[in-house]
Amino acid sequence: MIPFAKAHACGNDFLIVTEDAAAGRDWANLTRHLCSRNTGVGADGIEFFAWTGSKSGRIRLHNADGSIAEISGNGTRCVAAWMSSMIGARPGDELRIETDAGLRACRINSVQSDPQYSVQVTTGMGIPTAAPKTVALNARSIIEGIAVSTGNPHLIVVVDNPEFFVGGEPWQVIGSQICTHPDFPSQTNVEFLRAISPTEIEIRIFERGVGPTTSSGTGTSASATAAIAFHRCTSPLRVVAPGGAQTVTWRGPGTELELTGPATLIARGEAWYG
């Protein structure tokens with residue numbers, strides 16, 4: 001039996017499994033098994049966790065397909081919610097979480113325990129980088145995007161229609177083609193961005209290793225980076241995904257970006273494996 005906790009951030013759901021509980025297991029196989037929506041617990045990925053101090057820990061992320069990802073902003077926030085519940089954190093407490101993309105400091109802004117345990121968290125997401133990037137899907141389809149790194153790779157595509165069509169094609173189709181394009185040997189996350197106002201954008205997300213998702217913390221951060229750096233949006237910027245809204249604060253190139261949003265615990269339990 002594998003003990004786990006499950007949490008979500010704007011519908012982006014993760015399992016938290018301690019490294020001790022997963023010791024001796026093939027983490028990729030374990031992730032595919034537990035994340036299956038029909039035959040497992042169901043999740044977008046597993047954060048494998050180890051405590052490194054009373055308010056600090058280390059995580060390693062596997063996507064639902066078993067592949068390794070450098071970081072998930074929402075996954076990190078889900079881990080912060082779980083840590084908060086384990087130690088009885090209070091507003092103002094800072095939890096430090098080491099990821100494969102570097103250290104992330106998570107400040108607990110509020111804690112709610114009824115009807116579910118939920119926290120509002122501001123996470124330091126590091127210093128993003130962004131540059132224009134052209135992707136040729138075929139001779140007739142050239143995508144003008146913005147390549148953004150938030151510790152993991154993203155391509156941001158700006159659209160001007162509420163359906164998020166790109167060249168008459170659904171965003172899910174274009175997202176799949178860009179994600180696996182040869183320009184990205186390790187694949188890339190893809191976000192489609194529509195500006196609502198200078199202080200609000202709406203996005204759709206095709207996540208590497210997962211597919212279409214309701215939300216993404218790094219995708220939200222990357223989209224805000226592109227909107228502020230290239231499309232005259234301003235900070236703080238409200239970023240709305242199908243799973244809900246998050247807020248990005250960023251002073252511009254060379255400075256750290258901060259992401260604020262909720263995370264809620266869903267369940268604790270044990271799952272059969274092996």
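Is Phe164 buried or exposed, and what is its relative accessible area? Phe164 is buried, with a relative accessible area of 1%; buried means under 20% relative accessible area, exposed over 50%, and partly exposed in between (1.4 Å probe, protein chains only). The model is predicted: local features need pLDDT of at least 70, side-chain atom pairs count only at pLDDT 80 or more, and totals for chains, interfaces and linings use all residues. Residues are numbered from 1 along each chain as its sequence is written, and side-chain values use heavy atoms, with hydrogens and water left out.

**Overall fold**

- The protein chain has five helices and 17 strands; helices (H or I, at least four residues) and strands (E, at least two) are DSSP runs, numbered from the N terminus.
- The radius of gyration of the protein chain is 18 Å, close to the 19 Å that the globule rule gives for 274 residues, so the chain is as compact as a globular protein of that length. This radius is taken over C-alpha atoms, and the globule rule is 2.2 Å times the number of residues to the power 0.38.
- The C-alpha trace spans about 50 × 40 × 30 Å along its principal axes.
- Of the 274 residues, 51% count as buried.
- Among contacts between residues at least 6 apart in sequence, 59% join residues at least 24 apart; contact means heavy atoms within 4.5 Å.

**Helices with a buried face**

- In helix H2 (residues 27-35), the buried residues are Ala28, Leu30, Thr31, Leu34 and Cys35. Seen down the axis of H2, these residues fall within an arc of 160°, so they line one face of the helix; the arc is that of the directions from the helix axis to the C-beta atoms.
- The partners against which the buried residues of H2 pack include helix H1 (19-22), strand S1 (2-9), strand S2 (12-18) and strand S17 (258-271).
- In helix H4 (residues 171-179), Trp171, Ile174, Gly175, Ile178 and Cys179 are buried. Their arc, viewed down the axis of H4, is within 130°, so they line one face of the helix.
- Elements covering the buried residues of H4 include strand S9 (129-138), strand S12 (189-197) and strand S13 (200-207).

**Backbone features**

- Most residues other than glycine have a negative phi, and most peptide bonds are trans.
- Phe164, in the loop between S11 and H4, has a positive phi near 65°.
- Cys10 lies in the loop between S1 and S2 and has a positive phi of about 55° although it is not a glycine. Cys10 is buried, with a relative accessible area of 6%.
- The peptide bond from Asp114 to Pro115 is cis, with omega near 10°; Pro115 is in the loop between strand S7 (102-112) and strand S8 (118-124).
- Ser235 and Pro236 are also joined by a cis peptide bond, with omega about 0°. Pro236 is in the loop between helix H5 (217-230) and S15.

**Surroundings of Arg238**

- Arg238 lies in strand S15 (residues 237-241) and is partly exposed, with a relative accessible area of 40%.
- Not counting residues up to four places away in sequence, Arg238 touches Thr199, Glu200, Ile201, Ala245 and Gln246.
- The C-alpha atoms of Arg238 and Thr249, 11 residues apart along the chain, are separated by 9.1 Å.
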